[in-house]
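Good morning, everyone, and thank you for making the time.

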Amino acid sequence: MKRAIGMMKMHRLGLLAGVAMTPMERRVGRFMRAPDHPTGDPAPAGTPPADPSAAADPASAADPAPAGDPPANPGETMLGGEPEGKTKGGDPDSPDDEGGKDKSDAAAALIGAPESYAFDLGEGVNFDQEAFDLVEPVLREMDLSQDAAGRIVGAYAEKVLPMLQQRAEAQATQAGEELRADWAKQTMADTEVGGTKLAESKAMAARAMAHFLPQGEEGQRFRTFLNESGLGNHPEMMRILARAGRELGEATADKGTTAKEALSSAEKFYGKGYGKQQ
């Protein structure tokens, strides 16, 4: 108790000397002073009473800091230091803000449509002027500069256009496969060349191609065309070639069964038909 009374007296001397107390010191003084009301437990017998002069002196009791006291340094938060949200280069209106100037200059470079747009998309890329004429009014309405429009067109040529081409090729390949499969189904269901006659029709078609097509590379080019185009599965192509092959077979059979005429002695010596012309 005597130690606490001594500390409060030192605290009072600091106030009288005009030394300003920090909020933390005021709070410490509040906890160090004697309670205003008994806590419920009477003081032990023989304990001397507290110094009445210290209790009566209002300066001896540290005033608690109001709940709304500002920080000691107005430039700091209650946790100390600069606020986390405060960063440099965030105010475009500040004359000392270089980041704001850079953003303003970059934005200004995107504005100002030229008299005519011109683009160089690099080697191997053809600029579609007809397609660009459809979107140019929109770019002019937005007042986009040559640089801004060039970025858009360049991104389209570099990223969007290849993707669209790949997608179109994939769709064309799929459509071709579906068409060849559909033609094959029609051929197999055809009453003249399909069904049980399909094997014979394929043999007759092979005979026709072997007879009429040139041998070697020239003939192979036509077979490659039939495969790549899918026309080798078309029912009409199969029908034409199968008929041609069948006609060739019948003609060969008729020629082989024709009886040979006997040659006379003169015909054997002078040739067939000698003496019949007279």
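This is a predicted model: local features need pLDDT of at least 70, side-chain atom pairs count only at pLDDT 80 or more; totals for chains, interfaces and linings use all residues.

I would like to begin with a bend: helix 6 has a kink of about 40°, centred on Ala157, where the bend at a residue is the angle between axes fitted to the seven residues ending there and the seven starting there. Residues are numbered from 1 along each chain as its sequence is written, and side-chain values use heavy atoms, with hydrogens and water left out.

Helix 6 covers residues 146-189, which is 44 residues, and from its first C-alpha to its last it reaches 61 Å, close to the 64 Å expected at 1.5 Å a residue; the expected span is 1.5 Å times one less than the number of residues. Its buried residues are Ala148, Ala149, Val153, Ala157, Trp183 and Thr187, and here buried means under 20% relative accessible area, exposed over 50%, and partly exposed in between, with a 1.4 Å probe and protein chains only.

What does the protein contain as a whole? There are 10 helices and 0 strands, where helices (H or I, at least four residues) and strands (E, at least two) are DSSP runs numbered from the N terminus. Of the 278 residues in the protein, 16% are buried. Among contacts between residues at least 6 apart in sequence, 65% join residues at least 24 apart, a contact meaning heavy atoms within 4.5 Å.

Let me turn to helix 5, whose buried residues pack against helix 6; they are Phe132, Glu136 and Leu139. Helix 5 bends by about 40° at Val135, and a proline, Pro137, follows within four residues. At 1.5 Å a residue its 13 residues should span 18 Å, and its end C-alpha atoms are 18 Å apart, which agrees.

Which rings are linked into a cluster by ring pairs? They are Tyr117, Phe119, Phe127 and Phe132, and rings of Phe, Tyr and Trp (its six-membered ring) pair if their centres lie within 6.5 Å, with planes under 30 degrees apart counted as stacked, over 60 as edge-to-face and the rest as tilted. A search of the whole structure finds 6 aromatic pairs. In one of them, the rings of Tyr117 and Phe132 have centres 6.0 Å apart and planes at 80°, so this pair is edge-to-face. Tyr117 lies in the loop between helix 4 (98-108) and helix 5 (129-141), whereas Phe132 is in helix 5, so the pair ties together parts that are 15 residues apart in sequence. Tyr117 counts as buried at 10% relative accessibility, and Phe132 is buried at 6%. Phe119 and Phe132 also form an edge-to-face pair, 5.0 Å centre to centre with 70° between the planes.

Finally, the cores. The largest nonpolar core has 9 residues, among them Val193, Met204, Met209 and Leu226; such a core is a set of buried Ala, Val, Leu, Ile, Met, Phe, Trp, Tyr and Cys residues joined through side-chain atoms within 4.5 Å. Helix 7 (198-212) and helix 9 (235-256) each supply at least two residues of this core. A second, separate core of 8 residues includes Tyr117, Phe119, Leu139 and Val153.
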